[in-house]
Amino acid sequence: MSPADLQLFLTALGETAIMVGISGLLSLFFGLPLGLLLVMTDKGGIWTQPAVNRVLGGAINAFRSTPFIILLVALIPLTRLIVGTTIGTTAAIVPLTIAATPYYARMAEMSLREVDHGLIEALRALGATRWQIVREALVPEALPGLVTGFTVTLVTLIGASAMAGAVGAGGLGDLAIRYGYQRFETTIMIGVIAVLIVVVSVVQFAGDRLARSLDRRR
Amino acid sequence: MPTVEIMAPSAGSVAIPRIRTQQVVGRSAPQRAAPIVNLESVSRSFGSTVALDRVSLEIERGEIFGIIGRSGAGKSTLIRTINALERIDTGRIVVDGRDLSLLDEAELNDVRRNIGMIFQHFNLLSTKTVFDNVELPLKLAGRPTTERKSAVYRLLDLVGLRDKAAVYPAKLSGGQKQRVGIARALVAGPALLLSDEATSALDPETTLSILRLLKDLNGTLGVTIVLITHEMSVIREICDRVAVLDHGRIVEQGPVWQVFAQPRTELTRRLLRTVRPPLPEALQQTLESEPLPEGRALLRVGSSEFDQYSAVLAALAQSPWQARIVHAEVDRIQGRPVGTVTFSVRYLVRDAQRTLCELLQQQSAEVEVLGYVPG
């Protein structure tokens, strides 16, 4: 592998890291409240609102059922509105965030639902407000699951970011398509796969470690 | 084993005002303080299932009040109405002078902060240490940190867990977890403690230590305790008064010694079987459900007024139906002798059974037919 190839790899890795990192954080920022809202507004939740729950669930399903490559192009007008451009790494962050947010919302919903209902009842019996229940019981008790869900979301984002090459966003996937596939440079193809395996393994390992260290139920 | 209630139904209903009167006298009358909890004809249904059916209760300040019933009797729903975790369809609940139906959510939270609650499965936050769990109610109420710390340690001392302050609940035994639950429930100094089957997940020995702790705290802190349980042994151990709940209705209530001595319903008698010693094996084996020719009937009498038994025994000695005492046990509950005496009588002698019942009921006892044995 030549120094030029190495430079390609580093640039691509950097672009992937930026796309996945920023859209990951944004999906956490928006997805967690949505997940909370899904659990709280559901029947038997601490803020039962069947209408809100149905609308929210429907919207999340709609986004989740659209394949990312379609979302990527379908959202071009929105992307232009938000970041002012429709090509490049920054432009890819918008559809990536919009795809990952409902995904993480469902992940968060799952782990928040698993919090023992008795704990919520204990907090209610102590006169806790809804916000206090969320802050003191729901989120802390679900934290290991929320971290695991975030890890899965990041790994999924790494996969989805490969398609972001379609809007000229660069990244590892784009490198593999353009050099490895279209120019028959098998070393680059294999190199990208190897790097992706390492990156995903590191993310997964770190996520699992963190989740385990947060779990006090043992 | 069939049991027949021989006592006339009217006798049961007239007994209620008498119990009330006794209790008022016993509780430093003449000026009776307002009850801390007052339920007036409270009903609650889930779909077509009636969980509570016109339940009325008065819980006095400082007492330990037990509610017993089988699973599905509505106990959980009932106790949850007191801190408004469960809303009611009709009726009225007044807690510490405040009518819960007139309060909004914020005001209800205020009421709840003055009511502690402990649970069968403890419901401690796994992500908080023992200290943080106990501190939580004070934190929720926005009390200053310095005040919190001293209050938490005071409660941890009371429940004997000061050395576990920095430990997470997962490292504690069931009994220790419940002690943390009790500390958390009482740290903000509530006037009332609700106990939802708090000892049902514990072994008998731990149960006893938790019950003793509750009794102690009732004495030292003066906190009123309302507990629900399906175990008569819990009622007998610490309660002052008991209500028996069946299919959402209160079928019997009174001071514990009285309900133990003279259960008025079949359900209560069945619940009491677990705490009453069984008949001797030999007697049990010969027991039949149908009368035998030339046989005898076994009648069990519960009482708390054994000093009057001499008269009964004298009458029995002269009776034509050859009454014999075949089994007896006397216990002390709330400082009173409470127990049962089982007679065998020649039931074929006309009117023997009725006469005995009449005789014993003059002593306000209750007669239960256990069965029949060969003569």
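So, chain A first: its secondary structure comes to nine helices and zero strands. Helices here are DSSP runs of H or I with at least four residues, strands are runs of E with at least two, and both are numbered from the N terminus. Before I go on, this is a predicted model, where local features need pLDDT of at least 70, side-chain atom pairs count only at pLDDT 80 or more, and totals for chains, interfaces and linings use all residues. Residues are numbered from 1 along each chain as its sequence is written, with chains lettered from A and ligands numbered from 1 in the order in which they are written.

Back to chain A. Its C-alpha trace spans about 65 × 40 × 25 Å along the principal axes. Of its 218 residues, 43% count as buried; buried is 20 or more other C-beta atoms within 10 Å of a residue's own, exposed is 12 or fewer, and partly exposed is in between, with C-beta atoms placed from the backbone. If you take the contacts in chain A with a separation of 6 or more, 70% are between residues 24 or more positions apart. A contact, by the way, is two C-beta atoms, placed from the backbone, within 7 Å.

Now, a helix pair. α1 (residues 3–41) and α7 (residues 130–160) of chain A have axes that come within 10 Å and cross at roughly 145°. Those axes are lines fitted to C-alpha atoms over the stretch in contact, and angles run from 0 to 180 degrees between N-to-C directions. On the α1(A) side you have, among them, A:T16, A:V20 and A:L36, and they meet α7(A) residues including A:V134, A:F150 and A:I158. By class, that contact has eight nonpolar, five polar and no charged residues. Nonpolar is Ala, Val, Leu, Ile, Met, Phe, Trp, Tyr, Cys and Pro; charged is Asp, Glu, Lys and Arg; the others, Gly among them, are polar.

What about the contact between the chains? It takes 19 residues from chain A and 18 residues from chain B. On the chain A side, the elements giving two or more residues are α6 (117–125) and α7. That side has eight nonpolar, four polar and seven charged residues.

α7 of chain A turns up again with α4 (residues 130–140) of chain B. Nine of the 11 residues of α4(B) are buried, so this helix is largely enclosed by the rest of the structure. B:F131, B:E135 and B:L138 are among the buried ones. The buried residues of α4(B) pack against α7 of chain A, along with α5 (145–158) and α6 (174–186) of chain B. After α4(B) comes B:G142, with a positive phi near 75°.

Chain B also has a domain assignment, domain 1 (32–262) and domain 2 (276–373), with bounds from an automatic or database assignment. Their C-alpha centres lie 39 Å apart. Eight residues of domain 1 are in contact with 10 residues of domain 2. On the domain 1 side, helix α9 (residues 256–261) of chain B gives the largest share, five residues.

Last, two non-glycine residues with positive phi. A:F184 has a phi of about 55° and is in the loop between α8 (172–182) and α9 (186–214) of chain A. With 9 C-beta neighbours inside 10 Å, A:F184 counts as exposed. B:H247 has a phi near 45°, and it is in the loop between β9 (241–246) and β10 (249–255) of chain B. B:H247 is partly exposed, with 16 other C-beta atoms within 10 Å.
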